[in-house]
Amino acid sequence: MRASRRRVLQGLTAGALTGGMTGRVSAARARLPDPTHMLWYRQPATTWTEALPIGNGRLGAMVFGGIARERLQLNEDSLWSGGPYDPINPAAHAALPEVRRLIAAGRLKEAQALADRMLIGTPRTQMPYQPLGDLILSWPGLLDADGRNYHRQLDLDSATATTRFMINGVEHRRTVIASPVDQVIMVRIEADRPFDLDIALASPQPEAQAVATDDLLTLTGHNGDHAGVKGVLRFAARLKAVIMGGTMTANDGLSIHRARSVTLLLAMATSYRGFEDQEGDPLAIVSRAIAKAQARGAARIAAGALVEHRRLYRRVALDLGTSPQADRPTDERVRADRAVADPALATLYFNYGRYLLIACSRPGGQAANLQGLWNESVKPPWDSKYTVNINTEMNYWPADVTGLGECVEPLVQMIRELAISGARTAREMYGARGWVCHHNSDLWRATAPIDGAPWGMWPTGGAWLCTHLWDHYDHHRDPAFLRSVYPLMRGAALFFLDTLQTDARTGLLVTSPSLSPENEHSPGVSICAGPAMDQQILRDLFDQVGRAAAILDTDSAFARQLAAARARLAPDRIGRDGQLQEWQEDWDGQAPDPHHRHVSHLYALFPSEQITVDRTPALAQAARKSLEVRGDQSTGWATAWRANLWARLQDGDHAHRIIAYLLGPQRTYPNLFDAHPPFQIDGNFGGTRAIAEMLMQSREDSLLLLPALPRAWPNGSVRGLRARGRMTVDLLWRDGQLVSATLASALPGKRLVRLGEVQAEVMLAPGRPIRLSGTMLRSSDRLQAWTARL
Ligand code: FUC
């Protein structure tokens with residue numbers, strides 16, 4: 001016991017570091033939680049969307065904060081159903097010309113029916129992401145006891161979930177963290193008097209078994225089959241309990257008697273090593289992780305996790321102002337009447353979005369899926385997989401702009417793998433070179449169309465993902481990165497060079513078969529040729545591949561081919577109602593759902609920059625018209641997209657109205673998870689980007705300052721936003737006016753800065769930040785003199 005004693009004592013020291021366990025209830029009550037970095041509640045979670053998420057990119061837990069019974073719902077990001085499979089429909093290649101012919105002949109219903117029968121993958125569905133299980137902690141001595149001064153919180157700045165309360169004059173404190181450094185979840189449990197505790201691990205996965213020996217509890221099992229695809233993954237979770245005082249016995253789980261404090265280390269792993277290799281040894285991985293973590297000790301685990309978290313989290317600091325409402329518990333703030341101004345809730349939402357991305361998408365792990373990392377259901381909504389006709393992309397919208405470039409790595413890795421599986425789909429289904437991914441993928445990197453033709457028959461998912469490679473490059477301008485992803489971008493473009501069809505009526509190039517994601521242009525039919533979004537994505541992709549080739553000084557013949565094809569892509573059109581056309585034909589007015597959640601044809605306005613208010617005002621006006629018809633309120637992610645679009649239209653008050661709806665009880669759960677409904681994490685990330693987009697926009701080498709500042713945020717500041725060209729941007733504003741902007745970049749060169757109608761050119765040099773004053777920027781005469789001085 002001596003060794004354990006020392007370790008737990010170390011843990012207490014680290015508690016002080018994290019601001020977690022050592023604080024007494026009375027002290028905690030005296031200091032109000034920081035309303036922009038803290039989610040907090042006066043009662044335990046009763047539902048999953050009240051529980052608080054922690055994660056290290058790979059391991060996740062939802063912490064309920066129970067008194068006599070605590071549940072940590074557990075995830076490991078590679079635990080999905082099934083195994084490697086080939087979903088390509090063998091009939092597809094032969095049927096494709098006929099589907100195209102029917103589309104060209106305008107026989108769309110027949111084309112869709114044929115595509116549905118012959119082109120959709122086998123199986124027609126993909127594999128679902130799975131929960132690993134639950135860690136259940138029970139305190140027999142606390143049953144039926146009434147906790148007082150109950151407080152539960154998630155501190156975003158220290159990535160620590162804390163629960164504390166008093167029972168019969170005894171204070172209980174519990175903290176949970178997930179360490180990206182030591183690859184364990186660590187739970188620390190303390191009370192002022194000795195307590196009894198039972199520990200169990202359970203799993204809904206097939207043949208899962210927990211075995212306890214000494215101070216270890218080990219759960220093993222395997223994943224399930226799905227839709228005829230055999231489950232091939234094995235998984236293991238191992239928990240080690242370290243007690244201070246008392247005794248421990250192993251039975252079904254671990255039973256601890258009269259301990260003064262307990263530290264739990266939990267490791268989880270599967271045999272997944274990649275979509276083509278599942279030969280990992282999960283038991284060996286978890287036992288190594290536990291042994292290493294134990295040797296490190298609780299204090300160093302906590303300190304290491306804290307430093308690593310803050311390295312990313314503290315890169316940005318936002319202040320949008322505050323109000324008395326901000327001191328309420330988080331669930332009350334979400335529930336509050338929207339007329340009650342709470343600008344600090346938007347700040348909290350922004351900080352939470354960054355916290356969530358750090359917690360669910362770290363180098364070496366899987367990309368953030370529809371629920372990020374957190375999923376309790378064996379049948380999650382939409383399988384909690386990767387929907388790439390908006391949702392996966394939206395997950396990464398805040399990454400580079402809010403200083404979380406590292407979090408993009410799992411997405412890049414996923415694209416590398418999709419390019420491999422997608423090359424087979426391109427070849428076998430389309431007889432094409434390059435690679436393709438339709439509207440969904442999963443852990444196994446399936447790329448064939450699924451679900452049915454009205455949803456799945458969309459070949460542009462891989463192309464859209466590739467624009468993220470360019471955007472990531474453009475924010476950091478690291479040629480080595482660009483060189484490493486160039487083949488992926490090139491392959492995505494090559495597929496379309498081989499498959500674009502000439503529209504006989506116009507001679508222009510269009511995708512076919514395709515659709516405007518999930519939107520019907522006539523009752524029951526969405527299949528078509530050349531939906532606006534495809535044409536827009538391909539304009540970006542072809543342009544980006546061409547620019548990349550030039551930067552890397554390679555592939556000039558291919559770049560010329562792309563430029564020629566790009567010039568023949570059917571352009572954006574304005575329809576008879578003044579709207580931006582969603583399809584080649586002016587069908588917008590006849591589409592069955594004018595308020596459809598997807599706003600795919602507005603891709604050109606956001607996230608792309610093809611349409612801007614200053615360079616393409618007529619198209620921007622048409623996009624505005626389309627957006628007005630679609631309406632402001634939609635599913636979670638669709639609401640977040642609308643906020644970004646209004647920010648790009650530079651209408652801050654409109655964007656803010658939408659943000660207010662997004663942060664209200666219809667679209668936000670008590671734990672601030674986004675409500676599609678049900679929970680889907682994309683809205684959190686889209687909302688985070690929208691807030692950034694209202695304050696700063698960057699394209700190429702120009703920067704727009706406060707382009708969509710709403711009246712609701714008259715005073716504020718932001719530090720550390722990132723613009724294209726490796727730039728850091730700090731802003732301070734008062735009474736709705738910019739006071740100062742500080743720009744820094746490690747890349748020397750000219751940048752164009754815009755504030756409203758005023759433009760200034762500045763020269764940036766490494767190590768020499770430039771501070772611009774708002775007054776100076778606003779007065780154009782003085783601007784001349786001032787620019788000259790720089
Ligand atoms: C797309 C959306 C749905 C949902 C699903 C996961 O199909 O149209 O709203 O977000 O993805």
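In this predicted model, an open sheet of 4 strands has the order 22-23-27-28 and mixed pairing, where strands are DSSP runs (E, at least two residues) numbered from the N terminus and two strands pair if DSSP finds at least two bridges between them. The edges are formed by strand 22 (696–699) and strand 28 (758–764), each of which pairs on one side only. Neighbouring strands of this sheet are turned against each other by 25 degrees on average, direction ignored, with axes taken as lines fitted to C-alpha atoms. Strand 22 and strand 23 (residues 702–705) run antiparallel and are joined by 4 bridges, and Ser-698 has Leu-703 in strand 23 as its bridge partner.

Residues are numbered from 1 along each chain as its sequence is written. Local features need pLDDT of at least 70 and side-chain atom pairs count only at pLDDT 80 or more, whereas totals for chains, interfaces and linings use all residues, and side-chain values use heavy atoms, with hydrogens and water left out.

The ligand is surrounded by Leu-370, Trp-382, Thr-387, Asn-391, Glu-518, Arg-597, His-598, Trp-637, His-676 and Gln-680 (a heavy atom within 4 Å), a shell that divides into 3 nonpolar, 5 polar and 2 charged residues. Polar contacts, defined as pairs of N or O atoms within 3.5 Å, include one in which a polar side-chain atom of Asn-391 lies 3.1 Å from an oxygen atom of the ligand. For His-598, a polar side-chain atom lies 2.6 Å from a ligand oxygen atom, and an N or O atom in the side chain of His-676 is likewise 2.6 Å from an oxygen atom of the ligand. Of the 290 Å² of accessible area that the ligand has on its own, the protein covers 96%, as computed by the Shrake-Rupley method with a 1.4 Å probe.

How values were computed. Axes are lines fitted to C-alpha atoms, for helices over the stretch in contact, and angles run from 0 to 180 degrees between N-to-C directions. A polar contact is a pair of N or O atoms within 3.5 Å; within protein, one must be able to donate a hydrogen and the other to accept it, and residues adjacent in sequence count only if both atoms are side-chain atoms. Ala, Val, Leu, Ile, Met, Phe, Trp, Tyr, Cys and Pro count as nonpolar, Asp, Glu, Lys and Arg as charged, and the others, Gly among them, as polar.
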